[in-house]
Amino acid sequence: MKRTVAILAMLVVSAIAPVTALAGTADQQAYAGSHVAFDTGSTAVVDYRVDGKQTVDSVRVQSQSEAESSIGLGGSADLDAAAGIVGAALSVDAETDAGASLTTESGASIEAHDNGHGSLVVAADDAAQYVALNVSGDAEQTGEKRVVYETDGGATATAMVVGEGNVSVTEHGNLTAAVEEDSRLVVRSYTDGRSDADESEERLIVNETAAASVYVMSQGEKRVTDTVTYGQDTAVAVEERAEGRVDVTVSRTAHEGRVILAHVSNETFHSTEDVQVAVDGEAAASASSYAELRQAAAGGDTSKYMVRQSGGASASAGATVLVGVNHFSTRTVTMTDSTDDGETATSDGSDATETDAPAGDDDDSSDSDAAEGDSADGDATDDESGAGATTSGDGAGFGGAVALLALAAVVSLAVARRN
């Protein structure tokens, strides 16, 4: 009988071992969503892909104080020297349908947004940071706060410092950025080409004129929204009340106006050409240029909006609705199309996604609407829960339990026959 028990114990251990190995796989620091996928090493985000195309080979973040002590960098050091940072330890904290959030031991947070631009945001929350990005392809410096680069995989991406700091191209063609406390580095990817309109949006972001980008998307049968905010003291909540209607609530502690960029999927409105916008229930005026939007956001008499059809650069969106809100503190932006019957059914999708990213200036830009920062609302939710995590141990655990039951039955039969 003792021998039988020993055999059973060995069988139990051997059955559990594969489950334990799979659990280790489930703990791997990786993410795979509808648009974005990446893995992590102990100190870097690696192989960052948007719609299957690699846009960043690796991202390493280290506090400027730690870099100064470890590799002798000073506050005014050439950013080429910052390319040698080791990077602080990091971990994935949360995953949702709208992306993943990570934190580093250097006091920075990293947000990977699973939207059509694959927005990657590094926020220097608690201390000034250096960020080193290994990229492929050719990079072009378009201002001290903005670099545009082509990847070997055929994508285009733009790295922008929003707030205090700068980004530059190293002698080896990679990128390094000095990001001051409460500032952000934002990487926006374009897997099907970057248009003049995309460049105009980048300038709004870098110059602190844009407070947030809102993405209203469809992932299969799910409706998912994602919000990327660009600065301090801004919170954005998105509520999809009915087909043909989207409500966005934007709160800012500062009074000055800002532009909201809403990227909406083809399924959101019956006709994006007929979209109308109201702010706090009052119809916004139609704008014919980005300059009019900036003027509205700079304290104009009324809020204004403009709709542009999205091309391949925003493959997940049917159109971009740009709304210049003339002042804050809390404003409700309502977007409807001409077929909307005005009903406000109970919310079938309520999502606020997070990310912080304060603002900055692009020295090559004419969009000079500098303003104070805006911070992210820090909450990402989707009307359909369930993250695009890379691994799960559920199936394997069930298989292991069945195996144990079967083994126990065999041993019991053997004992019965022996007796």
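The legends below describe an overall view and close-ups of aromatic rings in a predicted model.

Residue numbers start from 1 along each chain as its sequence is written. Local features need pLDDT of at least 70 and side-chain atom pairs pLDDT 80 or more, while totals for chains, interfaces and linings use all residues; side-chain values use heavy atoms, without hydrogens and water.

**View 1. The protein chain with its six helices and 27 strands.** Helices (H or I, at least four residues) and strands (E, at least two) are DSSP runs numbered from the N terminus. Of 419 residues, 52% are buried (under 20% relative accessible area, 1.4 Å probe, protein chains only). Among contacts (heavy atoms within 4.5 Å) with a separation of 6 or more, 68% join residues 24 or more positions apart.

**View 2. The ring pair of tyrosine 31 and phenylalanine 38.** The whole structure holds two aromatic pairs. In this pair the centres are 5.8 Å apart and the planes are at 25 degrees, so the rings are stacked (Phe, Tyr or Trp rings, the six-membered one for Trp, with centres within 6.5 Å and planes under 30 degrees apart). Tyrosine 31 is buried at 1% relative accessible area, and phenylalanine 38 is buried at 5%.

**View 3. The ring pair of phenylalanine 38 and tyrosine 48.** This pair is also stacked, at 6.0 Å centre to centre and 20 degrees between the planes. Phenylalanine 38 lies in strand 2 (residues 36–40) and tyrosine 48 in strand 3 (residues 45–50), 10 residues apart. Both residues are buried.

**View 4. One aromatic cluster.** Tyr31, Phe38 and Tyr48 make up this cluster.

Note on methods:
Buried < 20%, exposed > 50% of the residue type's maximum accessible area, 1.4 Å probe, protein only. Phe/Tyr/Trp six-rings, centres within 6.5 Å; stacked < 30°, edge-to-face > 60°.
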